[in-house]
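User: I would like to learn how to read side-chain features in a structure. Please take me through them one at a time.

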Amino acid sequence: MAHDRPILRILQWILITTGVVLIGFWAGSRLQGRIGGRSDIERFERARAVAGASTPSSTGLGLPIELPVDTSLWAEGRIEEYEESLDHEFEAPLAILRIPKIDLEVAVLAGTTELVLNRGVGHITGTPLPGEPGNVGIAGHRDGYFRGLKDIAEGDVIQVDTLTGGSNYTITEIWIVEPPDVWVLEPTETPSLTLVTCYPFYFAGSAPQRFIVRAERVES
C-alpha cells in the first residue's frame, strides 16, 4: 500500500488548493460588493465637492460621517443581485442616507427600478428630491439595505446629505400599511422623509404589506 501514499498526498494537495481557491473567490466577491458600495458614496462626495457644498450637518451633531454596511442580515439572493448590479453604471447618487442606530450608510439613487434597489435605495418619483421641502419618499428592499429598519424606533435620527448640504430628521411615526395606502407619500407642510419597504421583513415570497417610517426634519 506504500505506493498509494504519493497518490493520497496529491489528492490532499488538490483538495486543499481547491478549498483555498473557492474561499478566495467568495472573499473577493464580498470585497467587490463593499468596494462598489463605497464607490457610489465616493462619486457622491466628488460631485458634492464640485457643487461646493458645506460640511454635512451630521458633523455638528456628532454623528459619524461614514458607517460600515453590515450585510449579515441580507438574504443571499439579494447579496448576489447587488453584486450583479456592480456591472452597471449609475449616475452620481442624489444623496447619502445614514441611520447611525442601525449602522446604515447607503447611496440614494434616482428611481425605484429593481436594478436601482439592488444597488442602493431609490428616490420615489413624484416626491420632492432629497433636501427639498415637502415629503421626500425613499424606497429600499426589506432583505437588503432596509432590513435594519426592523430595529428602529420613534426618536431615532436619520441624516441625509445632498450636494448642497445636510439635513437631520427625527423619526416621528412608524406604520404598517397595505400597498394601496399611498397616502403616506402625500405632501406635508413640515419637511419630512418617508422610508418605504415591504413587510414582514422575513416573509417568504412577495411580502403583502408595507413598512413605513416617517421622520421630520430637525432645524439646526
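User: Is Tyr199 buried, partly exposed or exposed?

Analyst: This is a predicted model, in which local features need pLDDT of at least 70 and side-chain atom pairs count only at pLDDT 80 or more, while totals for chains, interfaces and linings use all residues. Residues are numbered from 1 along each chain as its sequence is written, and side-chain values use heavy atoms, with hydrogens and water left out. Buried means under 20% relative accessible area, exposed over 50%, and partly exposed in between (1.4 Å probe, protein chains only). Tyr199 is partly exposed, at a relative accessible area of 23%. Phe201, in contrast, is buried, at 6%.

User: How many aromatic pairs are there, and what is the geometry of Tyr199 and Phe201?

Analyst: A pair of aromatic rings is described by the distance of the centres and the angle of the planes. Rings of Phe, Tyr and Trp (its six-membered ring) pair if their centres lie within 6.5 Å; planes under 30 degrees apart count as stacked, over 60 as edge-to-face and the rest as tilted. The whole structure has seven aromatic pairs. For Tyr199 and Phe201 the centres are 5.8 Å apart and the planes stand at 85°, so the pair is edge-to-face. Elsewhere, Trp74, Tyr82 and Tyr145 make up one aromatic cluster.

User: How many salt bridges are there, and which residues are linked in a network?

Analyst: A salt bridge is a side-chain nitrogen of Lys or Arg within 4 Å of a carboxyl oxygen of Asp or Glu. The count is seven salt bridges. Arg78, Glu81, Glu114 and Asp143 are linked in a network of them.

User: Where do Asp143 and Arg78 lie in the chain?

Analyst: Helices (H or I, at least four residues) and strands (E, at least two) are DSSP runs, numbered from the N terminus. Asp143 lies in the loop between strand E4 (135–139) and strand E5 (157–162) and Arg78 in helix H3, so the pair ties together parts that are 65 residues apart in sequence. Both Asp143 and Arg78 are buried. Glu81 and Arg78, by contrast, both belong to helix H3 (residues 76–85), three residues apart, about one turn of the helix. Glu81 is partly exposed, at 31%.

User: Which residues of H3 are buried, and how are they arranged around the axis?

Analyst: An α-helix has 3.6 residues a turn, so residues three or four places apart point the same way. In H3 the buried residues are Arg78, Ile79, Tyr82, Glu83 and Ser85. Seen down the axis of H3, they fall within an arc of 155° (taken from the directions from the helix axis to the C-beta atoms), so they line one face of the helix.

User: What surrounds the charged end of Arg147?

Analyst: A charge sits over a ring if NZ of Lys or CZ of Arg is within 6 Å of the ring centre and within 35 degrees of the ring normal. The charged end of Arg147 sits over the ring of Tyr202, 4.0 Å from its centre. Arg147 is in the loop between E4 and E5. Lys and Arg count as positive and Asp and Glu as negative; His and the chain ends are not counted. Arg147 is buried yet has no salt bridge, and the nearest side chain of opposite charge, Asp143, is 5.4 Å away.
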